[in-house]
Structures are given as structure tokens and as C-alpha cells.
Amino acid sequence: MYFEMELESESESGHATTTRKEDGEDVVVGSFAMHVDGESDVRGSYCALAVAHLCKVLDEELTRGVANYVAECQTHEGGFAGEPGAEAHGGYAYCGIATLVLCDMVVEKKKNETTAKNNKKKTNKEHMKKKKKNIRIRRKMRRRRRRRRRRRRNRRNRNKKKLVK
């Protein structure tokens with residue numbers, strides 16, 4: 001089973017990973033190293049995004065290029081390797097899939113925020129309708145209680161008059 005992802009941009013070689021220059025070195029965008037001069041692989045990406053999610057700082061800037069990197073780490077067998085071109089492994093598969101899920105959470109969050117803004121106006125109107133309906137029901141119930149009280153009072157008064165005669 002292959003994960004089909006919409007990759008940001010593919011180069012001539014078919015690889016979608018982007019690089020940038022940092023201190024004279026090419027740095028792969030989307031992978032994370034766990035320590036200085038450490039290796040960059042899917043585990044590092046998963047750990048970085050998981051910690052960011054737990055600390056509630058996971059955003060688009062942090063996930064930029066990660067899905068492309070993880071998709072590039074998928075092998076011809078459908079598994080995931082630690083880095084592009086390596087052999088698939090079960091632990092890397094877990095980290096790769098979990099990383100893709102965390103990246104998708106950012107996309108879903110963004111979609112939910114935009115739909116929430118659009119729905120806010122609708123919910124305010126619906127809320128006002130419900131509120132007006134509740135007010136009408138309360139008034140109706142209040143009138144019924146008053147009528148009952150009046151009837152009771154009138155019965156009592158009639159009974160008192162009968163007793164007095």
C-alpha cells in the first residue's frame with residue numbers, strides 16, 4: 001500500500017525534498033536531526049512534530065516540507081525507510097505514518113479555523129432563533145401558570161362564599 005500525497009514540487013530526479021543553504025551546507029527541509037551533527041531521518045521528524053504537538057506549537061512553518069520528505073522515504077515495497085534510498089523498517093514505518101498524521105492535523109486545523117469563521121455568522125443567527133423560541137415558550141408557560149392560579153383563586157373564593165351563606 002502506497003501513501004499518495006500531493007508533493008509540493010518535484011525536481012528532475014523525481015525527488016521532492018528541497019534543500020537550503022545554511023552555514024555553507026545543504027540542509028534538507030522536512031527532516032530533523034536529534035542533536036548537533038546528528039543524522040536526519042524520519043525518527044527525528046516524528047519526534048520533533050510529536051513534541052511540538054504536545055507543547056501546542058505545531059504549525060505550518062514547522063511542518064513545511066516534512067510530508068514531502070517522508071513520502072520520499074517510502075520504498076518501492078510500500079514501507080518506510082529512515083532516509084531516502086534506504087531499506088524499509090517497521091519502526092520507521094510507524095514514525096513515517098505518525099509524522100504524516102501530525103502533518104495532516106495542521107492542515108485539518110487550518111481548514112477547521114476557516115470553516116469556523118464562516119459558520120460563526122450562521123450559528124449566531126441560529127442561536128438567536130433558538131433564544132427567541134425559548135423566550136416564546138417561557139412566556140406561554142408563564143401565562144398558563146397565571147391562568148391556573150387565577151382559576152384556583154376563583155374556586156377558593158367561590159367555596160368561601162358558599163361556606164359563608
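Reader: Among contacts in the chain with a separation of 6 or more, what share comes from residues 24 or more positions apart?

Author: This is a predicted model, in which local features need pLDDT of at least 70 and side-chain atom pairs count only at pLDDT 80 or more, while totals for chains, interfaces and linings use all residues. Residues are numbered from 1 along each chain as its sequence is written, and side-chain values use heavy atoms, with hydrogens and water left out. A contact means heavy atoms within 4.5 Å. Among contacts with a separation of 6 or more, the share from residues 24 or more positions apart is 54%.

Reader: What percentage of the 165 residues is buried?

Author: Buried means under 20% relative accessible area, exposed over 50%, and partly exposed in between, with a 1.4 Å probe and protein chains only. By that definition, the buried part of the 165 residues is 24%.

Reader: Is Asp37, which has a positive phi, buried or exposed?

Author: Asp37 is not a glycine, yet its phi is about 60 degrees. This residue lies in the loop between β3 (32-33) and β4 (40-41). Because its relative accessibility is 81%, Asp37 counts as exposed.

How values were computed:
Helices (H or I, at least four residues) and strands (E, at least two) are DSSP runs, numbered from the N terminus.
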